[in-house]
Amino acid sequence: MAAKTIISRPIYGKLSPQPGKHHLFVADAEGALAITDMAARAPVGFFDGAEIVFIAGPDGKYVAALEALKPAQLHLPPSFASLLPRLKQTLTNAHMGLRLYLAGTEGLIGQAMQVALEAGIDHTSMQTEHRGSLARRMQCVHCKGITENVTTQPATCSHCGLLLLVRDHYSRRLAAFQGVCINAEDRSEIPPTEEIFQ
Amino acid sequence: MSTGTTRLDVVVSDVVPVNDLVTRFHFRRRDGGLLPTFSGGAHVVVEMRNGERTRLNPYSLMGSPLDTREYTISVRRDDAGRGGSLFMHNQVRPGLEMVVSYPVNLFSLDLRAKKHLMLAGGIGITPFMAQTAQLAGEGGNFELHYTCRTASLGTYADVLSERYGRRVRLYHDDRDERIDLDRLLSTQPLGTHLYVCGPGGMINWVRDRAAALGWPPETVHYEHFAAPQPGLPFDVTLAVSGKTIRVGEQQSLLEAIEAAGVDPPYLCRGGVCGQCETNVISCDGKFIHNDHWLSEEEHRSGKKIMPCVSRFEGKSLVLER
C-alpha cells in the first residue's frame, strides 16, 4: 500500500460498487482480484451493465474468474497500447452515469486515468485499487522521455541515459513519477542501486 | 464581520419592475469607477438600512460578468418574509445610496466540464443569467432547463429564449409541463456538470435522482439561499463575550449577535458557506436547523449551529461567541 509522502503521490482506495447505469472496469494482472473481491459486495445484477477490460498477461491467469462474473462484456487486450483506441472510443460515446473502476499496477491505473481525465471524468470520481507490482512509470525531467516498469532506485533513463532519483512527485497529466538526475554535480559519483519498487 | 470581503459604496442607478413579483435593481459605484470582477454564480450581500434596523440579504448577480460598470440583482417580493424583499420593493428608488459586499461565488461553474447542464426553478434563474452570459461569451456548451409557474411569472424566460434559442427549454407548471428528469440526466455526455438553483424541494429531487443515476457528487452543484425564518423569540448566552441577548421574532440569531456588538465571521448569510458556524457549549431545548452546510449528523449532535438561518426553542442556549 502506498504511503502518503508528498501531496502528489497518488493514494489508492478499495473498489466499491457505485450507483450508476454502466460500469467500466480496466485492470491488469492482480487487479482482477480487486474486481472479484468487490463482486462479493456488489448488488445482484451489478455486472449485467458492466464491461471489463483486462490485460491478463501471457499465462491468462484470472481470466476464468472474471468470466465467472458474467459481465455484459469482457475484453482481453494484450497490452495497454492495444486497448487505448477502444477505451478512448468508449469514453467518447459514454453518457453520465458511466462509472469507472481502475485496478492493478500503478502504471495501468495512471494511464487509464489520464485518458479518463481527458474525457471529462474527475479523478476523484474514479474508483481505484492498487494490486500487484510497485513498478513505476517514470518521466525523466531532463529529456522528458518516459521509462516504463522502473523497479530500482536510482534508475537509468532509457532515453538519455542519466542516472535518476525516482521521486514520489507524481504527475496525473503525464501519468508518471518524476525522475531527477541524482549525480548532477559529479557524474562519477554512483550511489548503490536498490530494487525497491517490486 | 464579513470574511474576506470589503464593502462597496454604490448608488441605485435603475429600478425596473420585471413582473408581478420580481423587480430588478441596478447598482453603480458612487465614484463612477468599475466594480470588481465577478464570475457567473456570484452573489453580493446587500445592506438594507431601514431606520434602526439593518438587514443583510444575499442576492445573485445576474448581469454579464463581462460588464462591470454595474451590478444587477433581481428580487422576488416575499410578502410573508422578514421584510428584506419588501424593503427593496417599497423603499429602494433610483438615486438611493446603498452598501453592498464584494462579490463572493459559492456556485461557480466548473470550467473543466465538457458541457454545463443547468436546472432553474422560479427566481433560482438569477445566477444562470450571469453564468449563461459568461459561457456564451467564451463559446461554452450549455443547456438550460427552466421551470416557472406561469409564462407571465417566467422571469427573464423571454430574454433567455431570445438570446440562446434552443439551448433554453421552458416548463410551465400551469400547463402541466414537467422535466423528464431521469431521461435528461441519462442522456448527457460524459464530462457534463449539473447546476441546480431553485426551491429546496427541487434541489433535493434533482440531487437524489442524479446520485441514483450515477452522477458523481463532484459533478453536481447547487445553491439555495435559505432566508432566515421568523420564529419565537429566544435567549442566548454568548460565553466568550460574556453577554446574554434576546433574539427577536423577526431577527436572525446572527443579526441579534451583531446587534449586541459582537462581530462574528459571515459570508453568505444564507446557510450555505459555513463561515458563521458556531459551537454550542450547552443547551436545553431543540434546534431549528435551516442551513445546507452542516451534515444531518451535526444537526442531530446539537453541538453546532449556523446562526445566519437557524433558530432555537427551549430554556437555555450557550454559544461559543
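Modeller: A:Leu164 stands opposite A:Cys181, a residue of S11(A). This is a predicted model: local features need pLDDT of at least 70, side-chain atom pairs count only at pLDDT 80 or more, and totals for chains, interfaces and linings use all residues. Residues are numbered from 1 along each chain as its sequence is written, while chains are lettered from A and ligands numbered from 1 in the order in which they are written.

Strand S10 (residues 163–171) and strand S11 (residues 176–181) of chain A run antiparallel, joined by 5 bridges. Strands here are DSSP runs (E, at least two residues), as are helices (H or I, at least four), and both are numbered from the N terminus. Two strands pair if DSSP finds at least two bridges between them.

In chain A, an open sheet of 5 strands reads S7-S6-S11-S10-S9, and its pairing is mixed. Strand S7 (146–150) and strand S9 (155–156) of chain A are the edges, each pairing on one side only.

Next, the chain contacts. Chain A puts 17 residues in contact with 18 residues of chain B; contact means C-beta atoms, placed from the backbone, within 7 Å. The chain A side has 7 nonpolar, 7 polar and 3 charged residues. Nonpolar covers Ala, Val, Leu, Ile, Met, Phe, Trp, Tyr, Cys and Pro; charged covers Asp, Glu, Lys and Arg; the others, Gly among them, are polar.

Now chain B. It holds 7 helices and 17 strands. Its C-alpha trace spans about 60 × 50 × 35 Å along the principal axes. The radius of gyration of chain B is 20 Å, which agrees with the value near 20 Å for a compact globule of 321 residues. That radius is taken over C-alpha atoms, and the globule rule is 2.2 Å times the number of residues to the power 0.38. Of contacts in chain B between residues at least 6 apart in sequence, 68% join residues at least 24 apart.

Chain B is assigned domain 1 (7–105), domain 2 (115–223) and domain 3 (234–319). These bounds come from an automatic or database domain assignment. In chain B, the C-alpha centres of domain 1 and domain 3 lie 26 Å apart. There, 8 residues of domain 1 are in contact with 5 residues of domain 3. On the domain 1 side, strand S3 (42–50) and strand S4 (53–60) of chain B each give two or more residues. S4(B) has the largest share, 3 residues. By class, that side divides into 4 nonpolar, 3 polar and 1 charged.

Terms used:
Contact = placed C-beta atoms within 7 Å.
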